[in-house]
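Morning, everyone. I'll keep this short. Let me put the model up.

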Amino acid sequence: MSGGRTRRMPRAERERQMLDAAVEIIARHGYTAASMDEIAELAGVSKPLVYLYLNSKDDLFTACIRREAAALTEAVRAAVRPALPADRQLWDGVRAFFTYTAGHPDGWTVLHLQARTHGPRFAAEADAVRAEMTAFVTRLIATAARESRDSRDLSAQEIEGLAVALVGAAESLADRANATPGVTAAQSSATLMNFAWSGLGNLMSGNHWAPPGVASPAAVRR
């Protein structure tokens, strides 16, 4: 100590400790079973202080979801360079997504699993992240379609549907990776790109799938 004084911890740092503890406890036990006493103990603070800073267990959970959502979307945004081709942008974004979820498994559990299963208030927070990711992928596919002579007939509805499918696949692969020892972020990224972009590459080249006996792929899309 200097001069007999103890350094006061800034509010932001104290709140970060509380959120770190809450994310860990909620991921471990689930939101319903998570104890505010256990969260306070892990954060090294009193339970009344947690309530003073974050009002209620619901507000604490909401703050956790929003923090994890902001960190994930920022990681993806920071990895993508708009000057690169669309497939490279998608690869960089996908790699950043899986790298982040692998490095923050508790945060991903809170954001994707816990938030979606404990009421509409929390599910809406998670849905906002999915919507942002979907909009990002939609823009990439639309850009690639505009740049390809053979795929300009893709409708806005089709492009958005492809983006929704890709984001859903990414979420499922992140769940699998975090539950399966040995699955790396690079492996999940390659799996998604091989599954999704290889198919999109065919679309960009004008090669649309149609079931046997259907003469025109356009008939399938109607």
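This is a predicted model: local features need pLDDT of at least 70, side-chain atom pairs count only at pLDDT 80 or more; totals for chains, interfaces and linings use all residues.

Helix α1 covers residues 11–29, and helix α2 covers residues 36–43. Their axes are 8 Å apart, and the packing angle is about 130 degrees. That makes α1 oblique to α2. The crossing is right-handed.

Who makes the contact? On the α1 side, Q17, M18, A21, A22, E24, I25, R28 and H29. On the α2 side, E38, I39, L42 and A43. By class, the α1 and α2 contact residues come out as seven nonpolar, two polar and three charged.

Now the other pair. That's helix α7, residues 120–147, and helix α8, residues 156–179. At what angle do their axes cross? Roughly 130 degrees, and the axes come within 8 Å. So α7 and α8 are oblique to each other. The crossing of α7 and α8 is right-handed.

Look at the residues. From α7 we have R130, M133, T134, V137, T138, I141, A142 and A145. They meet I159, E160, L162, A163, V164, L166, V167 and E171 in α8. The class count for this contact is eleven nonpolar, two polar and three charged.

On to single residues. Start with A63, in helix α4. Leaving out residues up to four places away in sequence, A63 touches L19 and L54. L19 sits 44 residues from A63 along the chain. Yet the C-alpha atoms of A63 and L19 are separated by 7.5 Å.

Stay in α4, which runs over residues 57–79, and go to T73. Is T73 buried or exposed? Its relative accessibility is 8%; the cut-off for buried is under 20%, so T73 counts as buried. What does the T73 side chain reach? The backbone oxygen of A70, at 3.2 Å. Beyond four places in sequence, T73 touches V129, E132 and M133. M133 also turns up in the α7 contact with α8.

Last one: D92, in helix α5, residues 86–103. D92 has a relative accessible area of 9%, so it is buried too. Which residues does D92 contact, leaving aside neighbours within four places in sequence? A79, R81 and L84.

Technical notes. Residues are numbered from 1 along each chain as its sequence is written. Side-chain values use heavy atoms; hydrogens and water are left out. Axes are lines fitted to C-alpha atoms, for helices over the stretch in contact, and angles run from 0 to 180 degrees between N-to-C directions. Helices (H or I, at least four residues) and strands (E, at least two) are DSSP runs, numbered from the N terminus. Angles under 35 degrees count as roughly parallel, over 145 as roughly antiparallel, 65 to 115 as roughly perpendicular and the rest as oblique. A crossing is left-handed if the near helix is turned anticlockwise from the far one by less than a right angle, and right-handed if clockwise. Contact means heavy atoms within 4.5 Å. Ala, Val, Leu, Ile, Met, Phe, Trp, Tyr, Cys and Pro count as nonpolar, Asp, Glu, Lys and Arg as charged, and the others, Gly among them, as polar. Buried means under 20% relative accessible area, exposed over 50%, partly exposed in between (1.4 Å probe, protein chains only). A polar contact is a pair of N or O atoms within 3.5 Å; within protein, one must be able to donate a hydrogen and the other to accept it, and residues adjacent in sequence count only if both atoms are side-chain atoms.
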